[in-house]
Amino acid sequence: MSNNGDYRQRRGVRNTQNIISIIFLSLVALMALSFSVVLLIRNATLQRQEDAVRSELEAINSEGYYTSYEAQKLVEEASKEAEEKTRNSIRQMIQEKLENGEGTTSAIRSLFPDQIVVANQGRYYFFPITDAIEHHGFAAEDFDYGDDGYLTYVGDDSTVESKIGVDVSRFQGEIDWKQVADAGIDFAMVRAGFRGTTEGKLLQDDYFTDNVEGATENGIDVGVYFYSQAINEDEAREEVQMILDLIEPYKITYPVVIDVEYAESDKARTANLTTDEYEAVVKVFCEAVKKAGYTPMIYGNVTSYTLLMDAADVDDYDIWVAYYGLPLYYPYHFDIWQYSKSGRVDGIDGDVDLNICITDY
């Protein structure tokens, strides 16, 4: 009886252990199964994400989008192509301008509309156009040639009444001023004198008296100018005193002008003047003219108002600018524009400078 009880007891213990083992193994199997399911789900999710990304990339490519590397390459290629097109366009424009008879300087100027381009002694100089100086504001179509061949103002500003003028010196010789007046000339700028470019001697123009008296007697308004080669303020005083003495007997209604031009010769006494020195000469001259009761004016071309003087520094005075052809290249305010050096006027033999005045003197 005792042995049977021990056997049953041992068998019960083994049964209990077997059940526990089965339960443990079942739990392990269940965990493994769960882990496998999780892995399968994750793999499926990653696969879907990969498929979605691949599909998106395919869609991007099909729509014309590119990777960063591909985009950078396209930008570089487009930049090179644009540079080449721009280069070819500029070359073509310059070629067309030159073939149409425009000079090199004119062609270059067209490429830099916001700057004043000056050619001098084989070099080009660039001066930014500033709003610190008053602009003349005229458009190209504001001026046109009349039936008489003279340039006139044809714009819409009713306050502008242009006058037709000539400037003369001994180079025109003897002038028939009655014929000049009959030809429609309103005013004449007469050279009173000049200083020699090398020795610096002061000289009166040979035809000064004849020209002033002939123009005045025939109803033509007269202004005068002096070709300056002064290298300092003292010489400027000499020049202005000479011209003031010469004009004292006459009725001068137009300005008294200092003519400032670049001397082509390396031996010219003004060849090495600085901008400050040119401006000092001009200001001494103009202030003396103003003190004497006349209207001071500066004559020059684009080179004069850029390389020789800073236009902003002489902006207080009336301006007479020389530029031949239309439209006027000089952007700043002016009072008289010398637009031709080869004009023809009855009563004057050969070529003569023609001018248009837009200021009422």
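This is a predicted model: local features need pLDDT of at least 70, side-chain atom pairs count only at pLDDT 80 or more; totals for chains, interfaces and linings use all residues.

Q: How many cavities of 30 Å³ or more does a search of the whole structure find?

A: The search finds 2.

Q: Which residues line the largest cavity?

A: Its lining consists of Ser-228, Gln-229, Ala-230, Ile-258, Val-260, Glu-261, Thr-270, Leu-273, Tyr-278 and Val-281. By class, 6 are nonpolar, 3 polar and 1 charged.

Q: And what lines the second largest cavity?

A: That cavity is lined by Ile-133, Ala-311, Val-314, Asp-315, Ile-319, Tyr-330, Tyr-332 and His-333. This lining has 6 nonpolar residues, 1 polar and 1 charged.

Q: Changing topic, where is Val-302 placed?

A: Val-302 sits in the loop that runs between β10 (296-301) and α8 (304-308).

Q: Is Val-302 buried or exposed?

A: Val-302 is buried, because its relative accessible area is 6%, and buried means under 20%.

Q: Which residues does Val-302 touch, not counting those up to four places away in sequence?

A: Val-302 touches Arg-109, Ile-116, Val-118, Ala-322, Tyr-323, Tyr-329 and Tyr-330. One of these, Tyr-330, is also in the lining of the second largest cavity.

Q: What separates the C-alpha atoms of Val-302 and Pro-331?

A: The C-alpha atoms are separated by 9.7 Å, with the two residues 29 residues apart along the chain.

Conventions
Residues are numbered from 1 along each chain as its sequence is written. Side-chain values use heavy atoms; hydrogens and water are left out. Helices (H or I, at least four residues) and strands (E, at least two) are DSSP runs, numbered from the N terminus. Buried means under 20% relative accessible area, exposed over 50%, partly exposed in between (1.4 Å probe, protein chains only). Contact means heavy atoms within 4.5 Å. On a 1 Å grid over the protein atoms alone, a cavity is a set of points where a 1.4 Å probe fits but cannot get out, and a pocket is an open set with protein on both sides within 12 Å along at least five of seven lines; lining residues have an atom within 4 Å of a point. Grid points are joined across faces, edges and corners, and a volume is the space filled by probe spheres set on the points. Ala, Val, Leu, Ile, Met, Phe, Trp, Tyr, Cys and Pro count as nonpolar, Asp, Glu, Lys and Arg as charged, and the others, Gly among them, as polar.
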